[in-house]
Amino acid sequence: MSTELPVLKASDFASDQDIRWCPGCGDYSILAQMKKVMPTLGVPQENIVFISGIGCSSRFPYYMNTYGMHSIHGRAPAFATGLKASRPELMVWVITGDGDGLSIGGNHLMHAIRRNLDVNIVLFNNRIYGLTKGQYSPTSPLGKVTKTSPMGAIDNPLHPLSIAIGCEASFVARSIDVNIKHLGATLKRAAEHKGTSFIEVYQNCNVFNDGAWKYATDKATKSDTTLELEHGKPLIFGKDRDKGIRLNGLVPEVVDLGKGISEDDLLFHDEKAEEPSLAYLLTRMRNPDFPEPIGVFRAVDRPMYDEELNGQVERARETKGEGKLEDMFTAGETWTVG
Amino acid sequence: MSTTTGASPTSKEIVPIPAATVRFAGDSGDGMQLAGTQLTTTSALAGNDVATFPDYPAEIRAPRGTLAGVSGFQIHFASTDIFTPGDHLDALVAMNPAALKTNLADLRKGGILVVDEDAFNKKGLEKAGYEQNPLNDLALEEEYQLFKVPITTLTRGAVEDSGITSQKDADRCRNFLAMGLIFWLYGRSLEPTLRFIETKFKGKETIIKANTAALTTGRNYGETTDAFKSSYQVNKADLEPGHYRNIQGNTALAIGCVTAAKLSGKELFLGSYPITPASTILEELNKYKHFGVRTFQAEDEIAAVCSTIGAAFGGAMAMTTSSGPGIALKGEAIGLGMILELPMLIVNIQRGGPSTGLPTKTEQSDLFQCMYGRNGESPLPLIAPRSPSDCFYAAQEAWRIATKYMVPVMLLSDGYIANGSEPWKIPDVADLESFTIDHPPAAKEGDPPFMPYSRDENLARPWALPGTPGLMHRIGGLEKQDQTGNVSYDPQNHQNMIETRARKVAKVAESIPQQEVLGETSGDLLVLGWGGTYGACVTATRQAQERGLKVSHAHLRWISPFPSNLKSLLESFDKVLIPELNMGQLRTIIASEFLCDAIGLNKVQGKPFAVQEILDKIIEAVG
């Protein structure tokens with residue numbers, strides 16, 4: 001690989017295709033941040049591949065001037081596995097949504113994460129089926145009224161980050177479509193992580209589920225409803241940064257700072273903790289009882305599937321030598337006629 | 001390792017015979033597959049032509065002693081060319097009453113019947129549903145050469161000094177005792193099996209001693225007891241000179257794929273999910289990591305095929321292996337592979353269907369599935385190997401076509417070929433033709449924009465690999481615009497793309513051989529077969545020809561597309577007979593393609609055709 005990469009701009013990563021998301025869709029913002037992050041990664045443009053499934057978010061690869069595959073519903077992690085396993089030098093991004101990734105493709109998401117394949121998975125969570133025009137999704141809240149749940153959804157919702165941590169994810173983060181600075185920084189952190197990076201992005205579908213994340217994006221409420229995680233720092237939030245999260249046994253609680261409670265009493269964030277329980281606990285902090293954490297929940301090193309697989313191939317070659325057809329043909333008992 | 005072995009010496013009469021068909025049958029825990037495999041090896045090493053048919057239940061350990069738990073292994077060894085594991089048994093070894101009950105019908109009258117008389121106790125008889133001990137039935141002795149051998153007692157005695165303490169462990173050597181006896185009966189050398197014992201149980205001295213003792217005791221029992229008056233000798237077959245090994249279909253397929261990868265300068269990627277009877281390909285390919293083989297045991301069938309497509313996009317020789325139920329799950333992704341126009345192999349080792357069906361039994365009932373089992377217009381080339389060793393060549397041919405035309409190729413084998421075995425003449429590596437696969441190079445300054453859906457003279461599109469500067473492009477399952485590959489909903493473009501993809505598959509006919517015929521190229525009847533029925537078709541046709549019937553045989557290898565001379569060939573015969581292990585799937589395709597009203601011979605019993613069944617049908621049609 002050449003060490004001198006051409007200096008590229010975000011616009012170099014725009015493909016020649018017209019973007020066909022609805023005006024005002026949160027996907028535009030994610031696309032813009034992605035294009036901005038790309039030139040900062042030190043990876044040749046031709047070594048980047050975007051793979052998606054089916055859904056609004058899954059049109060993403062068409063709009064990136066990289067290699068890309070718009071595959072079938074829910075299976076993007078499986079395509080990424082085959083590609084990354086055989087071409088470990090490529091940087092592979094998986095773009096998925098709450099329906100694609102958690103419903104039809106839940107199995108593949110789970111297995112890609114537990115294998116710790118070195119790919120970056122970005123899940124656009126808008127809590128609705130957008131492309132099929134507004135049915136409830138696996139992240140829709142209980143009681144959600146949609147065309148397929150006129151009396152309210154009765155399926156208990158899934159929480160993407162809880163699942164990721166349950167699958168032993170080595171990198172778990174959350175960001176918000178309109179929080180562009182935070183989103184850009186989070187995508188960059190994910191790209192730099194070795195192993196599966198799983199990022200949930202709160203994304204607004206302004207046509208079928210407008211305002212699903214209003215509490216987390218409204219200027220008036222967001223400092224009370226979200227909490228920005230920082231490694232090694234106490235969990236503090238609120239407009240005046242006067243509230244914090246304290247652990248009471250195994251249960252987090254919201255406390256007011258002052259009044260005899262200092263920062264030292266609060267829970268300190270440790271994204272590198274080997275034990276994922278605290279990270280899991282953070283994923284269980286949900287609106288309206290808690291501020292919802294954004295940022296990096298967990299970032300640890302774990303063996304990567306693609307590296308291990310290729311390592312085995314390398315070791316087999318070292319110990320047995322490059323395979324010879326003659327040896328393969330004549331394995332076992334043979335005999336000669338004539 | 002090259003070996004020559006002599007037969008065990010005997011002082012009794014030796015009767016020369018041209019061929020023998022032997023079946024070991026017992027409980028699924030009795031080691032019958034091992035016994036059969038060992039008899040196969042020692043017979044092949046003795047220079048016989050061999051053909052085998054393992055037959056086992058889907059349950060790993062069905063209740064001991066029951067009919068459902070019976071496992072069998074049939075081997076046909078001969079001093080002449082043979083193509084099938086034999087219609088009728090010359091010898092049957094029944095390790096318990098259930099095995100006798102389920103297998104006796106296949107033993108020819110006057111055939112050798114060896115039973116473990118110790119197993120015919122009250123409990124064993126009850127489990128098999130015998131009210132009376134069949135061994136006391138005089139008719140059994142009249143119809144067959146019955147040898148009541150106390151196999152269990154003999155085994156326990158034989159292993160006494162080996163250090164084995166439990167009776168259960170001692171009884172696990174019963175199969176070796178039975179082997180020893182059968183080896184003596186057919187003058188087979190014990191050497192290959194003794195070597196096998198040494199290797200297989202390395203470090204377990206007690207087991208090596210016990211199995212060796214059981215094997216030799218079995219041999220000595222045949223030699224010393226008066227019950228056996230004579231033994232048999234099957235001379236060497238007149239095989240083509242060369243270096244041979246015995247090979248199973250799935251092994252041949254696996255090493256054929258490794259060979260194809262090597263010859264085309266690729267590394268093999270297999271995405272697969274375990275399923276009977278395809279799993280052994282995944283297992284076999286795991287042995288070849290030093291060839292650059294990467295195997296991915298996926299979380300499910302869908303992930304298996306999707307990872308295959310991902311690897312194909314990246315430039316690997318990518319393949320997935322499964323059986324009917326798994327192919328059903330893969331359908332959507334195979335359609336994607338087709339519209340992406342990436343080369344890959346989709347292997348279906350057919351088993352009895354529908355649904356879970358008969359997992360361990362053979363059938364040819366997935367032909368429609370593989371031809372048509374995808375949404376939309378999605379034709380694909382389809383090749384079907386005809387015998388275990390043919391899988392080696394079919395795999396390579398499939399990969400050549402896949403890369404030449406940029407298309408997934410379906411390879412349709414079956415459980416009978418996959419688990420069956422035959423001698424394979426090991427090819428000289430120098431004779432194998434390597435071939436290059438082109439990938440477009442990096443774009444240069446001033447090049448016109450890259451067109452991922454432009455086409456060459458074969459209608460193949462360029463296989464541009466991620467990592468190539470300047471060729472960045474996006475592919476996907478939405479209909480593509482001709483040339484650019486961009487998403488297109490244009491009506492005329494859709495028509496054009498569908499026709500082009502179909503024309504491309506049809507063009508494959510230019511690269512496949514003309515249909516060969518056994519016998520005259522015209523006559524009263526053409527036996528048209530495909531896949532694993534080859535042995536039975538060819539043997540039946542030869543027998544019909546020997547009777548003076550004007551019958552020929554053609555065995556299809558490519559079913560999509562058909563060889564270009566097939567139409568005229570079909571028209572050159574008064575009648576066409578299509579024997580299939582399904583309800584007439586090829587016959588339906590032939591009828592719709594050529595308006596040919598063929599006669600069907602259709603069997604769906606989980607078993608291969610007997611030669612006689614096809615011969616009878618031939619005679620019925622033209623005799």
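The model is predicted. Chain B is divided into domain 1 (13–233), domain 2 (243–510) and domain 3 (523–622), and the interface described below is that of domain 1 of chain B and domain 3 of chain B, which bury about 640 Å² between them.

**Domain 1 and domain 3 of chain B**

- The C-alpha centres of domain 1 of chain B and domain 3 of chain B lie 36 Å apart, and five residues of domain 1 of chain B are in contact with eleven residues of domain 3 of chain B.
- Of the area of about 640 Å² that these two domains bury between them, 62% is on carbon and sulfur atoms.
- On the side of domain 1 of chain B, Phe83(B), Thr84(B) and Asp87(B) supply 71% of the area buried against domain 3 of chain B, which is more than any other three residues supply.
- Across this interface the rule finds zero salt bridges, whereas it finds two residue pairs in polar contact, both at pLDDT 80 or more.

**Helix α10 of chain B**

- Helix α10 of chain B comprises the 15 residues 249–263, which at 1.5 Å a residue should span 21 Å, and the 20 Å between its end C-alpha atoms agrees with that expectation.
- Because 14 of the 15 residues of α10(B) are buried, this helix is largely enclosed by the rest of the structure.
- α10(B) is followed by Gly265(B), whose phi is positive, near 70°.

Technical notes:
Residues are numbered from 1 along each chain as its sequence is written. Chains are lettered from A and ligands numbered from 1 in the order in which they are written. This is a predicted model: local features need pLDDT of at least 70, side-chain atom pairs count only at pLDDT 80 or more; totals for chains, interfaces and linings use all residues. Side-chain values use heavy atoms; hydrogens and water are left out. Helices (H or I, at least four residues) and strands (E, at least two) are DSSP runs, numbered from the N terminus. The expected span of a helix is 1.5 Å times one less than its number of residues. Buried means under 20% relative accessible area, exposed over 50%, partly exposed in between (1.4 Å probe, protein chains only). Domain bounds come from an automatic or database domain assignment. Contact means heavy atoms within 4.5 Å. Buried area is the accessible area (1.4 Å probe) that two parts lose on being put together, summed over both. A salt bridge is a side-chain nitrogen of Lys or Arg within 4 Å of a carboxyl oxygen of Asp or Glu. A polar contact is a pair of N or O atoms within 3.5 Å; within protein, one must be able to donate a hydrogen and the other to accept it, and residues adjacent in sequence count only if both atoms are side-chain atoms.
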